[in-house]
Amino acid sequence: MKTKTELMIYRDPTELAERGSVVVKDVLTNAIAARGRAAIALAGGSTPAGLYERLAALSVDWSRVDVFFGDERAVPPDHPDSNYRMARERLLDRAKVPPQNVHRMRGEDADHERAARDYEQEVMSVVPRAGDVPRFDVILLGIGEDGHTASLFPGTKALDERVRLVVPVWSESKQTWRLSFTFRLIDAAARVMFIVAGAAKAPVVCQVVSPEKRSFLPAARVAPVDGTVTILADKAALGMA
Ligand code: 6PG
């Protein structure tokens with residue numbers, strides 16, 4: 001079993017959002033056609049916002065899609081920094097995704113351990129498994145300038161988690177707690193899709209796309225055991241503009 005990597009290059013963030021949203025729509029539609037339902041995990045941060053808006057306008061049978069989150073900040077769901085709030089405003093409300101299909105992380109729970117365990121249970125109870133690990137049809141991820149992805153930050157012990165699927169992560173650089181999928185869950189996905197834009201990301205993106213895979217940056221360590229890594233990037237993020 002091998003990881004396949006595909007790179008899709010777009011002129012700018014607008015084209016990335018326009019055409020990237022169709023790629024996501026096709027993955028969801030194909031999964032629904034194959035097994036009657038689809039399971040997606042959304043990325044946080046700012047880069048996916050435009051793509052979510054376009055995706056909301058495309059025809060997807062959201063009654064058959066289970067929507068999860070790959071990570072969350074330690075804030076309430078209506079907080080400006082909430083990944084859930086961004087996704088709700090840009091995608092979930094616009095696409096009228098049935099609330100019972102939306103599984104948000106309880107970032108506001110001060111007991112981060114409990115919030116992580118509860119979410120792991122929710123993933124296990126909804127997403128079908130390949131072996132003993134739930135297998136998402138697609139997990140959307142961003143990439144930070146320090147090479148983090150989801151909330152797997154460089155130097156954190158979450159990077160070495162081999163058993164758990166969701167963990168709390170203390171980010172020294174951001175001085176805050178996060179909840180995050182681990183590599184065990186990410187690498188069990190059928191497809192992992194990076195959404196990345198802007199020249200500031202170029203130094204790390206080149207390590208993610210390089211076939212040698214010599215980098216230890218968290219984003220470069222993503223390697224679905226039996227799946228595909230799709231990188232949706234604009235030219236600037238590849239140092240081409
Ligand atoms: C988060 C994310 C994180 C994000 C990167 C890129 O909660 O911050 O999930 O992994 O994807 O930090 O963020 P931008 O898209 O804002 O550059």
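At 0% relative accessibility, threonine 230 counts as buried, because the cut-off for buried is under 20% relative accessible area. This comes from a predicted model. Threonine 230 is part of strand 11.

Two polar contacts involve the side chain of threonine 230. One, of 2.7 Å, is with the side chain of glutamate 6; another, also of 2.7 Å, is with the side chain of arginine 191. Neighbours within four places in sequence aside, the residues in contact with threonine 230 are Glu6, Met8, Arg191, Val192, Met193 and Phe194.

Strand 11 spans 228-234, and methionine 240 lies in the segment after it. Methionine 240 has a relative accessible area of 47%, so it is partly exposed: exposed would require over 50%, and buried under 20%.

Together with Leu7 and Ile9, Met240 makes a nonpolar surface patch of about 250 Å².

Strand 2 covers residues 38-42, and five of its five residues are buried, so the strand is largely enclosed by the rest of the structure. Both of its faces are covered.

Strand 2 runs parallel to strand 3, residues 65-69, and five bridges join the two. In one of these pairings, alanine 38 has valine 65 of strand 3 as its bridge partner.

Note on methods. Residues are numbered from 1 along each chain as its sequence is written. This is a predicted model: local features need pLDDT of at least 70, side-chain atom pairs count only at pLDDT 80 or more; totals for chains, interfaces and linings use all residues. Side-chain values use heavy atoms; hydrogens and water are left out. Patches are made of residues with over 30% relative accessible area and no salt bridge: like charges are joined within 9 Å, nonpolar side chains (Val, Leu, Ile, Met, Phe, Trp, Tyr) within 5 Å. Accessible areas come from the Shrake-Rupley method with a 1.4 Å probe; for residues, only the protein chains shown count as cover. A salt bridge is a side-chain nitrogen of Lys or Arg within 4 Å of a carboxyl oxygen of Asp or Glu. Helices (H or I, at least four residues) and strands (E, at least two) are DSSP runs, numbered from the N terminus. Buried means under 20% relative accessible area, exposed over 50%, partly exposed in between (1.4 Å probe, protein chains only). A polar contact is a pair of N or O atoms within 3.5 Å; within protein, one must be able to donate a hydrogen and the other to accept it, and residues adjacent in sequence count only if both atoms are side-chain atoms. Contact means heavy atoms within 4.5 Å. Two strands pair if DSSP finds at least two bridges between them.
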